[in-house]
Amino acid sequence: MNRRENKLGILGWLKLRGYSIEKLMYVAQRISGVGIIIFLLTHILNVGLVYAPTKELWEPPGIIGKAVLVILGIIVVFHTFNGVRLILAEYGFIVGKPRRAVYPYKMTSLSGRQRLAVYLVLAVFIIIFYFWIMVAFNLLGW
Amino acid sequence: MKESTKMLLHYITGFLILITGATHLIANNLVGFNWIKDTLWYPMSQGVFLAAVLYHAMNGLRVILVELFPGSSSGKIISIILTVVGIIFFVFGLYFLLVIFGGR
């Protein structure tokens, strides 16, 4: 293997044209994952070094911290539901049976229950997004 | 470890995070559920949460980096670095967890 196999690198994530909606979900899963990792590692250090010695409850630091927390809530919800869909697809629960490739060929893994799961993830995401915005306005004191 | 074993662990820890992470958020944020934190099960579940979330995070980062920098030697370097980072954060986190919940 050599480097040329992934020439585009991280820019390949931006190529969404001509791909199915699953590509968008894949990119969103990765970006949200990296975002959660950044929060997780800083959260462990923050709570451990600042709050653990005094045994105080953790509070998001300032208005910026709260805004970060609002974005974090949204991406965690997305990552969770999309992750469940990915597990179901990985172990073949929603991808359907393989079919003979007859002319108007329709991939069973990119339609039917799998595609329904994609829409379900997006629907749940939008619903929770709405409620979360309500909570966020409260949290930010707007 | 085989790649498929790593990914199976990734999915198992994902479900563990779903349970223990929900416990973490409910016990810390919902008024009226503070009693969860007084039980012995809470610090234990948070230890599981810490281990699961760090494995999940480091493996997820590994998958991204291995895809961006293909090759067996770079894969090994990435794995070693991320394992070390994960273990350091686990030890730190476990120590902090013991500081917070110890002495009860």
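Chain A has three helices and zero strands, where helices are DSSP runs of H or I with at least four residues, strands are E runs of at least two, and both are numbered from the N terminus. From the N terminus on, the order is α-α-α. This is a predicted model, in which local features need pLDDT of at least 70, side-chain atom pairs count only at pLDDT 80 or more, and totals for chains, interfaces and linings use all residues. On numbering, residues run from 1 along each chain as its sequence is written, while chains are lettered from A and ligands numbered from 1 in the order in which they are written.

Confidence next. pLDDT is the predictor's confidence in each residue, from 0 to 100. Chain A averages 84, and 94% of its residues score at least 70. Within chain A, helix α1 (residues 21-51) has the highest confidence, at 91, and helix α3 (residues 112-140) the lowest, at a mean of 85.

Now the overall dimensions. Along the principal axes, the C-alpha atoms of chain A fill a box of roughly 65 × 40 × 25 Å.

Helix α2 of chain A, residues 62-90, has 29 residues and should span 42 Å at 1.5 Å a residue; its end C-alpha atoms are 41 Å apart, which agrees. The expected span is 1.5 Å times one less than the number of residues. Which residues of α2(A) are buried? They are Phe78(A), His79(A), Thr80(A), Asn82(A), Gly83(A) and Arg85(A). Buried means that 20 or more other C-beta atoms lie within 10 Å of the residue's own, exposed means 12 or fewer, and partly exposed is in between, with C-beta atoms placed from the backbone. Over the whole of chain A, 8% of the 142 residues are buried. Just after α2(A), Gly92(A) takes a positive phi of about 80 degrees.

On to chain B. Chain B also has three helices and zero strands, and along the sequence the pattern is α-α-α. Its radius of gyration is 16 Å, well over the 13 Å from the globule rule for 104 residues, so chain B is more spread out than a compact globule. The C-alpha box of chain B is roughly 50 × 25 × 20 Å along the principal axes. Buried residues make up 20% of the 104 residues in chain B.

The largest nonpolar core has eleven residues, among them Ile17(B), Phe49(B), Val53(B), Phe89(B) and Leu97(B). Such a core is a set of buried Ala, Val, Leu, Ile, Met, Phe, Trp, Tyr and Cys residues joined through C-beta atoms within 7 Å. Its largest share, eight residues, comes from α2(B). Leaving aside neighbours within four places in sequence, Leu97(B) is in contact with Pro43(B), Gln46(B), Gly47(B) and Leu50(B). Contact means C-beta atoms, placed from the backbone, within 7 Å.

Last, the interface. How many residues of chain B are in contact with chain A? There are 18, in contact with 20 residues of chain A. On that side of chain B, α1 (3-29), α2 (41-68) and α3 (72-101) each supply at least two residues. The largest share, seven residues, comes from α2(B). By type, the residues on that side divide into 13 nonpolar, four polar and one charged. Here Ala, Val, Leu, Ile, Met, Phe, Trp, Tyr, Cys and Pro count as nonpolar, Asp, Glu, Lys and Arg as charged, and the others, Gly among them, as polar.

Conventions:
Contact = placed C-beta atoms within 7 Å. Rg over C-alpha atoms; globule rule 2.2 N^0.38 Å.
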